[in-house]
Amino acid sequence: MAVPLLFVLLSVVQVATLRFVDPMFSAFMVSRQLEAWGDGEWRFRVAYDWRDMEDISPYVPLAVVASEDQNFAEHFGFDLQAIEKARKNNAKGRKVRGGSTISQQTAKNLFLWSGRSWVRKGIEAWYTLLIEALWPKHRIIEVYVNIVEFGDGVYGAQAAARTFFRKDAGQLTAAEAARMAAVLPSPRRYSITRPGPYVQRRAQAIQRQMRYIGGADYLRRIE
């Protein structure tokens, strides 16, 4: 009984603290660095450079919401409609699709490890509830765009902007932000700098969705 209670207390303190303190790293960053060292890539270094939301182009959070979680402003961490749609899609034997929200992905990337075990999913759900309860939506999207992987070992909008576009995150255009969002959630499979037909089509679709959900007006809803 003591171990679960200790986990609950520590996780609450952890999430509450990160509402105000910017994370120095994420669990996924640590995992990728250890993976590289395990493969003998001793010179490999994770690229990560935190930027507050006001220093990031508004097109970046808009693009990831348009691409991954258009109900972000309304849901409580879990998009039940998306989960049910994914369940039906998978039951028909089509390509496996998930129904993860930005809140869930933030919880997973920041605190957990990759995988599909029920234990990990359960812990992810707990952290998602904590994040939604203790952080405003603005903080959730701010953390997400800073820790999500946009390329192999390249985490967050600033590192991606510098690596792929040779500019700061605050200078990213709508087209560039859409291309960044287009490689999610498979940034090691798809390239931002050398987008193939799939990424190009997806980026164009994301730009249309950015306008559809309301553009900059949408972001005001989560401030």
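## A partly exposed residue and a nonpolar patch

Val30 has a relative accessible area of 37% and is therefore partly exposed, where buried means under 20% relative accessible area, exposed over 50%, and partly exposed in between (1.4 Å probe, protein chains only). This is a predicted model, in which local features need pLDDT of at least 70, side-chain atom pairs count only at pLDDT 80 or more, and totals for chains, interfaces and linings use all residues. Residues are numbered from 1 along each chain as its sequence is written, and side-chain values use heavy atoms, with hydrogens and water left out.

Val30 belongs to helix 2 (residues 27-38); helices here are DSSP runs of H or I with at least four residues, numbered from the N terminus. Together with Met24, Phe25, Leu34, Trp37 and Trp42, Val30 forms a nonpolar patch on the surface, whose accessible area is about 710 Å² in total. Such a patch is made of residues with over 30% relative accessible area and no salt bridge, nonpolar side chains (Val, Leu, Ile, Met, Phe, Trp, Tyr) being joined within 5 Å. A salt bridge is a side-chain nitrogen of Lys or Arg within 4 Å of a carboxyl oxygen of Asp or Glu, and accessible areas come from the Shrake-Rupley method with a 1.4 Å probe.

## An enclosed helix

Helix 7 (residues 137-147) is largely enclosed by the rest of the structure, because ten of its eleven residues are buried. Among the buried residues of helix 7 are Lys137, Arg139 and Glu142, as well as Ile140, Ile141 and Val143.

## The second largest pocket

The second largest pocket holds about 160 Å³ of space. A pocket is an open set of points on a 1 Å grid over the protein atoms alone, where a 1.4 Å probe fits, with protein on both sides within 12 Å along at least five of seven lines, and lining residues have an atom within 4 Å of a point. His138, Met53 and Arg220 are among the residues that line the second largest pocket, and helix 11 (residues 216-220) gives the largest share of this lining, with three residues. By type, the lining divides into seven nonpolar residues, one polar and three charged.

## Loops and a pair of residues

Arg166, in the loop between helix 8 (157-165) and helix 9, has a positive phi of about 55° although it is not a glycine, and with a relative accessible area of 63% Arg166 is exposed. In the loop between helix 9 (174-182) and helix 10 stands Pro185, and the peptide bond from Leu184 to Pro185 is cis, with omega near 0°.

Gln204, in helix 10 (residues 197-212), is partly exposed, with a relative accessible area of 47%. Although Gln204 and Arg179 are 25 residues apart along the chain, their C-alpha atoms are separated by 8.2 Å.

Note on methods: Grid points are joined across faces, edges and corners, and a volume is the space filled by probe spheres set on the points. Helices (H or I, at least four residues) and strands (E, at least two) are DSSP runs, numbered from the N terminus. Ala, Val, Leu, Ile, Met, Phe, Trp, Tyr, Cys and Pro count as nonpolar, Asp, Glu, Lys and Arg as charged, and the others, Gly among them, as polar. Patches are made of residues with over 30% relative accessible area and no salt bridge: like charges are joined within 9 Å, nonpolar side chains (Val, Leu, Ile, Met, Phe, Trp, Tyr) within 5 Å.
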